[in-house]
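Please look over the structure shown below before reading on.

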Amino acid sequence: MLQIIKLAWRDLNRNRRRSFFSALALGMGLSLLLLMAAVIEYEIRSSMDTSIRLQTGHLQIRAVSYNENRSSLAWEDLVEGPAAIAVQVAALPPVSVATPRLFASGIVASGDTSAAARITGVDPASAANDPYRSGILSGQWLGADDRDGIVIGQPMADKLGLKAGDKPNVLVNTANGDVDSQAFVIRGIYSTRTPGFDNGTIFMSLAKAQAITRAGDHASAIFVLLKDRDQTGAVVAALQTRQFTVLTWDRMNALLSDTEELANSYMILLYLIILAITATVIVNTLVMAVFERTREIGILSALGMRSGRIMAMFFAESAMLALGGIALGLIIGGAMVAYFGSVGYYI
Amino acid sequence: MEVAKVEHVSRVYKTGDVETAALKDVSISIEAGEFAALVGPSGSGKTTLLQLIGCLDTPSSGRIIIAGQDVSKLNRDQRADTRRAKIGFVFQFFALIPTLTAFENVEMPLLLNGLPAAERSARVQQLLDAVGLKERTHRRPDQLSGGEQQRVAIARALASKPALILADEPTANLDTENGRQVMEIMQRLNRETGVTFVFATHDPRVIAYASRVITLRDGQVAANGAGAAKV
């Protein structure tokens, strides 16, 4: 065996340039595949991460009867005493943040223009608000005891011609089915670079949201972020009660999860294509080598080399070429992934 | 002692329904240390007989015994093993591996036999020295003259110390001077090492070197007698 490898190695060395370019062709294919896989994986993962950070969290604890589509504010559909529950949940080791949030639908009106809004009542001090807080473009984030301030997204501000300090009217549905309205001061304008979210979401303090919607000491959900999303299952198991429903990030982002699955299937297809290309390159090299060296095969046979060993020698050459190609592919692909991972890229 | 014994050997080639007998009931015996010429016109069966003795082909009928072993019924791998252990070849067109140097070409049979590197190197140097190519060990075939290439082929044939070396028209592709040199080297090595040579030729100048001349005609032995040269 060692002898076969030695012979194969020498043969590859005899035609260094061709061996190198064959391995390089393989390597380039593999490296591009790696890069593409990394880009797709990154894009999907970052979309998911964005959605988790901005909208869904890793987990949401809700009342069993809560219907998200209706943004129900009926007390029986809400979580009672949410602050205490949030504290309990936050005490679990895998949990990074747990904070109550109240969702209500409403309208922001300024002059003769208005826009529909999803009003989100948040604990202004919670770390879960970091993505919005860090996205403040003008003005500032909500203060701890802010009773008449809101923070709105840049697209809505542009649409309504509002700026920090302006006082639009906010109409809000209430728990008893009425509509209440109040003038709020725009404390700040934020952008999370997710226009779909920024356009419709306005923030106010949870206490104010509870007051204006007549929700009392209730919240729509306990918004939970985990230190590691792979621990979702363990935390869900620890939280499961009959009183609440615990929704997980993959269920709340079903569309993205489906996209991820689709992308994974697509990647498998791509892997198969690359595999086919790789196999073709190797077979081509092998066939070329055999055709080119029929004379040599005859000589080796005359010298007493068994046909199985001659074949093994050619296979060993191909295997070395493939290994070389894979090594090159991993090096080049790894370098490209590392480069784009640190420098980034424009789409 | 017989190195090769051919007993009532026939070789028939079939092309569709047509059968062509290349050899018909040939029986010859080659003694150890002989320098035998296989002569005859084109199509007389010289190359066929060499291929059969060299285990490159199997007879349609009859027996071939090489160094005491019946090789006529061996399978392909067993024939390869026999070639590697007992037979060396010198071909008309040299049959060197073009991308290997003279040294590497001679080394190949030793590599196939699994000889350690140091022993290989010493043996190759000694053989190339014996054929007068000590200074050209690292030249590739295309950097050597025809005569030099054939000398490399002779060194390669001797590498694994075979019982028998078969040469098919070894000088047919060489000019007179190089042909003479090659024959003299073969004859010298035959005398010095005692290895048996059987060479096919129809060149009278080459036949003159033979200790025995076996003449084939139409696939049969027409004459079998002492050659001009006596060992």
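One aromatic cluster is formed by A:Tyr132, A:Trp141, A:Tyr190, A:Phe197 and A:Phe203. The model is a predicted one, and it holds 13 aromatic pairs over all chains.

**Aromatic pairs**

- One of the 13 aromatic pairs is that of A:Phe20 and A:Phe21, whose ring centres lie 5.5 Å apart and whose planes stand at 70 degrees, so the pair counts as edge-to-face.
- A:Phe20 is partly exposed, because its relative accessible area is 43%, and A:Phe21, at 48% relative accessibility, is also counted as partly exposed.
- A:Tyr339 and A:Phe340 form an aromatic pair that is edge-to-face, with 5.2 Å from centre to centre and 75 degrees between the planes.
- For A:Tyr339 the relative accessible area is 47%, which means that this residue is partly exposed, while A:Phe340 counts as partly exposed at 31% relative accessibility.

**Charges over rings**

- The charged end of A:Arg101 is placed over the ring of A:Phe223, at 3.9 Å from the centre of that ring.
- A:Arg118 lies over the face of A:Phe103, and here the distance to the ring centre is 4.0 Å.

**Helix H11 of chain A**

- In H11(A), the buried residues are A:Glu296, A:Ile299, A:Leu300 and A:Ala302.
- The partners against which the buried residues of H11(A) pack belong to both chains: in chain A they are helix H1 (2-14) and H12, and in chain B they are H2, E6, H3 and helix H5 (146-159).
- Just after H11(A) comes A:Gly304, which takes a positive phi of about 100 degrees.

**Helix H2 of chain B**

- Helix H2 of chain B spans residues 76-86, and its buried residues are B:Arg79, B:Ala80, B:Thr82, B:Arg83 and B:Arg84.
- Within chain B, the buried residues of H2(B) pack against strand E5 (69-70), strand E6 (87-90) and helix H3 (102-112), and in chain A they pack against helix H11 (294-302) and helix H12 (307-343).
- At the start of H2(B), a side-chain oxygen of B:Asn75 comes to within 3.1 Å of the backbone nitrogen of B:Asp77.

Definitions and conventions
Residues are numbered from 1 along each chain as its sequence is written. Chains are lettered from A and ligands numbered from 1 in the order in which they are written. This is a predicted model: local features need pLDDT of at least 70, side-chain atom pairs count only at pLDDT 80 or more; totals for chains, interfaces and linings use all residues. Side-chain values use heavy atoms; hydrogens and water are left out. Buried means under 20% relative accessible area, exposed over 50%, partly exposed in between (1.4 Å probe, protein chains only). Helices (H or I, at least four residues) and strands (E, at least two) are DSSP runs, numbered from the N terminus. Contact means heavy atoms within 4.5 Å. A polar contact is a pair of N or O atoms within 3.5 Å; within protein, one must be able to donate a hydrogen and the other to accept it, and residues adjacent in sequence count only if both atoms are side-chain atoms. Rings of Phe, Tyr and Trp (its six-membered ring) pair if their centres lie within 6.5 Å; planes under 30 degrees apart count as stacked, over 60 as edge-to-face and the rest as tilted. A charge sits over a ring if NZ of Lys or CZ of Arg is within 6 Å of the ring centre and within 35 degrees of the ring normal.
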